[in-house]
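Thank you all for making time this morning.

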Amino acid sequence: MSMIEFHDVQKYYGDFHALHDINLTIDAGETVVLIGPSGSGKSTLIRTINGLERIQEGKLIVNGQDLADKKTDMNRIRKNVGMVFQHFNLYANKTILENIMLAPRLVLKRPEEENKKIAMDMLDRVGLADQAPKMPSQLSGGQQQRIAIARSLAMRPKALLFDEPTSALDPEMIDDVLNVMKDIARDSSMTMLVVTHEMGFAREVANRVIFMADGRILEDDTKEKFFDGQPSNERARQFLSKIITH
Amino acid sequence: MIAIFHNYGSLLLQGFGQTLLCSVIALIFSLIIGSMFAIFETTPIKFLRVIARIYIEVFRNIPLLVITMFFFVVIPMFIAKINGFTAGTIGLTIYTSAFIAETVRSGINSVDPGQMEGARANGLSWWQAMRHIVLPQAFRYVIPPLGNQFINLVKNSSVLAFVAGFDLMYQGNVIASDSLNTMSTYICIGILYLIITLPLSYWMRYLEKKLA
């Protein structure tokens, strides 16, 4: 069953054609890694899926609802599709526990006791249960990002979007975050779309690797073909050789 | 000076009370109205943004005395008779709310946009994100400028003197012309204003330190 479907999607910022003829289907439970040079449109693409960016043409169906349709309730989509940002975006005025409990309480009307139990379970899952009473600013970047993941998971979403989740982190923090993400990826029910240059992560848990440049999808391969064979696209090959040697 | 306090104590007290009452009412309502228009200015809804822009630009750029006189003179002509105190308090509320709207708006804009984005992506509606995440952070930023607005408000309440609002300034004028001791009178009046504004100023400083 498909979770996310792009059909001839176009996106413009004024005259700038940010997304070009995007056609893409992601099945439920798949883990897809999206790579490409900066400015290639990968962040824009991922942000259209939960409606943070609107598309101008084509159809974008997420969890059975068309986002191009003005009547579609974005908040209903966002209940089912979580997002993790490069800069974490934890609520600066709330404790860690409140960060996780707020949306389930307000949006899902989850009873308080159950809400707290789920929040603590999620904190446990990312290995930070002891940080519950702290404020976000007291945590390291890697810890904040794991909290952000726990916050998304607490909504019990069907899909999770990761927008360069490790690129603002110190190198020694990256593994902690990636390990949490790998753990989620191995859970076969979660659909994951990850914008990242962490090729180790892609090799280990991705089903597919997509390469984008200039707002177009140039390569959409299984992990095996992408890493062990050769991408058929010349730019994808060049890009891959650069990030792998680094 | 002691003589002024001694001879005109009840008038001064009455004026002090009126000034304090007017200031408290205007402070509460200008904060509510000002915050409302600040929120209007930052909504995705264009109509509300336009309304807020017009309100703020009109009332911020007309002298307080003109707004007050308008309510004192024009409203009784068409709607209902209101006294000087009411007209002055309404004028002061509206005038101050325009400045507070600008102050709060700048606070909202200084909150990292990632906060709103994170909340929306987390499933919160625009208003939920505003109420629980953005506004609490915005108010922390704007406590110092908001304190200035409150102090200005107390001082600007002297506009009541022009519309027979029986406030501190009005009573000062009465006492000055009765006692003919103008210097002592206005020193007394000044001291009484300080009694309201200085604690306000220190309280704001305390809040600023506590929340920073």
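Let me begin with what I call an element: helices are DSSP runs of H or I with at least four residues, strands are DSSP runs of E with at least two, and both are numbered from the N terminus. What we have here is a predicted model, so local features need a pLDDT of at least 70 and side-chain atom pairs count only at pLDDT 80 or more, while totals for chains, interfaces and linings use all residues. Residues are numbered from 1 along each chain as its sequence is written, and chains are lettered from A and ligands numbered from 1 in the order in which they are written.

I start with chain B, whose secondary structure consists of nine helices and zero strands. Its C-alpha atoms, taken along the principal axes, fill a box of roughly 70 × 45 × 20 Å. Of the 212 residues in chain B, 42% are buried, where buried means that 20 or more other C-beta atoms, placed from the backbone, lie within 10 Å of the residue's own, against 12 or fewer for exposed and partly exposed in between.

How do helix 4 and helix 5 of chain B pack? Helix 4 (residues 64–78) and helix 5 (residues 84–110) of chain B meet at an angle of about 135°, and their axes are 8 Å apart, the axes being lines fitted to C-alpha atoms over the stretch in contact and the angles running from 0 to 180 degrees between N-to-C directions. That makes helix 4 of chain B oblique to helix 5 of chain B, because angles under 35 degrees count as roughly parallel, over 145 as roughly antiparallel, 65 to 115 as roughly perpendicular and the rest as oblique. Among the residues making this contact are Phe71(B) and Phe72(B) of helix 4 and Gly88(B) and Gly91(B) of helix 5; two residues are in contact if their C-beta atoms, placed from the backbone, lie within 7 Å. By class, the residues of this contact divide into nine nonpolar, four polar and no charged, with Ala, Val, Leu, Ile, Met, Phe, Trp, Tyr, Cys and Pro counted as nonpolar, Asp, Glu, Lys and Arg as charged, and the others, Gly among them, as polar.

Now to the place where the two chains meet, a contact that takes 15 residues from chain B and 18 residues from chain A. On the chain B side, helix 6 (113–121) and helix 7 (126–156) each supply at least two residues, and the largest share, six residues, comes from helix 6 of chain B. The residues on that side divide into four nonpolar, nine polar and two charged.

Leaving aside residues up to four places away in sequence, Arg120(B) touches Arg78(A) and Ala129(B).

Finally, a word on chain A, where an unreviewed UniProt entry lists "domain: ABC transporter" for residues 4–239. That span of chain A is 37% helix and 26% strand, and its end C-alpha atoms lie 26 Å apart.

Methods. UniProt positions renumbered as here; feature names shortened; annotations may be inferred.
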